[in-house]
Amino acid sequence: MKLNALKGFKDILPGEVELWQELEEFSRSLFAQYNFTEIRVPLLEETALFSRAIGDVTDIVEKEMYTFADKQQTLRPEGTASIIRAVIENGLLVKKPVQRLFTIGPMFRHERPQKGRLRQFHQLDMEVLGSKSPLIDVELMSLAALFFKALDIDVSLEINSLGCKKCRPAYREELLDFISSHKEHLCGDCQRRSTTNPLRTLDCKTPSCRKQIADAPSVQDWLCEECSSHFITVQEGLRQLGINFTLNKFMVRGLDYYNRTTFEFLTDDLGAQAAVAAGGRYDGLVELLGGAKNTPGIGFAIGMERIILLLLQKDEYTLTRGVDFFLAGLGKAGNAKAFELAWQLRQEGFSVALDYEGRSLKAQMKLADRENAYFSVIIGEDELAGGYGLLRNMKNKDAEQRKIPLTLESFLDLTEELPGE
Ligand code: HAM
């Protein structure tokens, strides 16, 4: 029987994993520039954490969670709820009143797989807990904008405000009226949810629903004074930093915890899966999950698979990172010398590959190419007798092969010639 990876679960193989490493490295340094620190939370949590945070009447909770029903535990479909649980459980907000945290890792949702949509996918997730300033909203969007600019990825930013528990009920009533007069044309999901979670209808991707809700009332017209002023300050802040955006009254997001600002960064280059980063404010969530009253919060997540796809669509990425030296030992003594030299070079921080299968010189040179070695060093019996090896620059086939004494010092002298990280 052939054993394959599960549908929607993907191996990240050598050749591509280097790009993931680069992306993670770049992200970490960007997050540090914005004064975020890392938090690592478990992959498995109590199911109630997600159903309470994300909302019972959402696609994620109704259809997509990987749940061990007998244990009432669920593989995390997102990072926000887990981070908040960890912050509350460990009293982090007591130690420092504003927490700026990020996490990087896999999330699990049982969705229909397609390009850019997996069942195990990875997010770069950022959360700021403890500040209600609209400038934090702007700062997070500026971080995302800088992320995409640095990676040369074209995106557009859409924003909305979902109001708060003061102003949303009136809007909800208005929307309910609108939906009930259009109900018979809506899809089954929207009909079922129309009374329990009418906002979901605004987000429905079914073409018939989209047509029906085109004239739906806009939440932006129902904002209370505080929400309105928050939203205006967010827009002013984005303009101040020169970050372009458009208003999208239909953006309610697929998770129920949001209030006030929501936002999505979209690309035209990935087909249906256009959202490359998304998030928003969730001022009631900490309290809902058992934390202190009135603790504001906001965050967003970047979908890593989608970023990798976009980067791979560019030509300039060569993925395989090579080794500094390939040591080609020949004969018993040559191989023994290569083995010992590899140990010495690795202790000095060089990367080294060598052959253990007694291959011919020609086969070893082929291997050196495949390992993307910068230098190869041939250590045959004649060379060994003279105390040197033959150094070849594998990246410049015109360069002369030259003798190199088999001493650590002479290898250290080559450091300058090697490409930097
Ligand atoms: P989300 O919109 O569900 O939000 O996901 C954020 C991003 O993760 C999406 O824009 C997309 O790039 C990526 N993503 C989501 N599902 C998949 C999938 N099945 N396959 C590949 N990529 C996917 C959240 O998860 C919120 N927790 C974000 C947030 C953080 N809000 C506040 N803080």
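Tutor: In this predicted model, Phe263 and Phe265 are buried residues. The structure contains 15 aromatic pairs. One of them joins Phe263 to Phe265 in an edge-to-face arrangement, with 6.3 Å between the ring centres and 85° between the planes. Tyr374 counts as buried because its relative accessibility is 18%, and the cut-off for buried is under 20%. Phe375 is buried with a relative accessible area of 0%.

Phe263 and Phe265 also belong to an aromatic cluster, which they form together with Phe26, Phe147, Phe148 and Phe300.

The strand to look at next is β9, which runs over residues 259-266. Arg260 lies in this strand and has a phi near 45°, a positive value in a residue other than glycine. With a relative accessible area of 14%, Arg260 is buried.

Thr267 is in the loop that leads from β9 to β10 (275-281). The relative accessible area of Thr267 is 2%, so Thr267 is buried. Leaving aside residues up to four places away in sequence, Thr267 touches Asp154, Ala274, Val276 and Leu310. The C-alpha atoms of Thr267 and Ile153 are 8.3 Å apart in space, while 114 residues separate the two in sequence.

Asn35, which is not a glycine, has a positive phi of about 60°. Its place is in the loop between α1 (17-33) and β1 (37-38). Asn35 is exposed, at a relative accessible area of 55%, whereas Arg260, with its own positive phi, is buried.

Now the chain as a whole. The chain has 17 helices and 16 strands. Of its 421 residues, 50% count as buried, and Phe263, Phe265 and Thr267 are among the buried residues. For contacts between residues at least 6 apart in sequence, 70% join residues that are at least 24 apart.

As for overall dimensions, the chain has a radius of gyration of 28 Å, whereas a compact globule of 421 residues would have one near 22 Å. Along the principal axes, the C-alpha atoms fill a box of roughly 90 × 50 × 40 Å. The accessible surface of the chain is about 21,300 Å², and carbon and sulfur atoms account for 50% of this area. On the charge side, there are 52 positive and 61 negative charges in the chain, and the mean positions of the two sets are 4 Å apart.

Thr267, in the loop between β9 and β10, has Asp154 and Leu310 among the residues it touches.

Key. Residues numbered from 1 in each chain as written. Predicted model: local features only at pLDDT ≥ 70, side-chain atom pairs only at ≥ 80, totals over all residues. Heavy atoms only, no water. Helix = DSSP H or I, 4+ residues; strand = E, 2+ residues; numbered from the N terminus. Rg over C-alpha atoms; globule rule 2.2 N^0.38 Å. Buried < 20%, exposed > 50% of the residue type's maximum accessible area, 1.4 Å probe, protein only. Contact = heavy atoms within 4.5 Å. Areas by Shrake-Rupley, 256 points an atom, 1.4 Å probe, with all protein chains shown as cover. Lys, Arg positive; Asp, Glu negative; His and termini not counted. Charge placed at Lys NZ, Arg CZ, Asp CG, Glu CD. Phe/Tyr/Trp six-rings, centres within 6.5 Å; stacked < 30°, edge-to-face > 60°.
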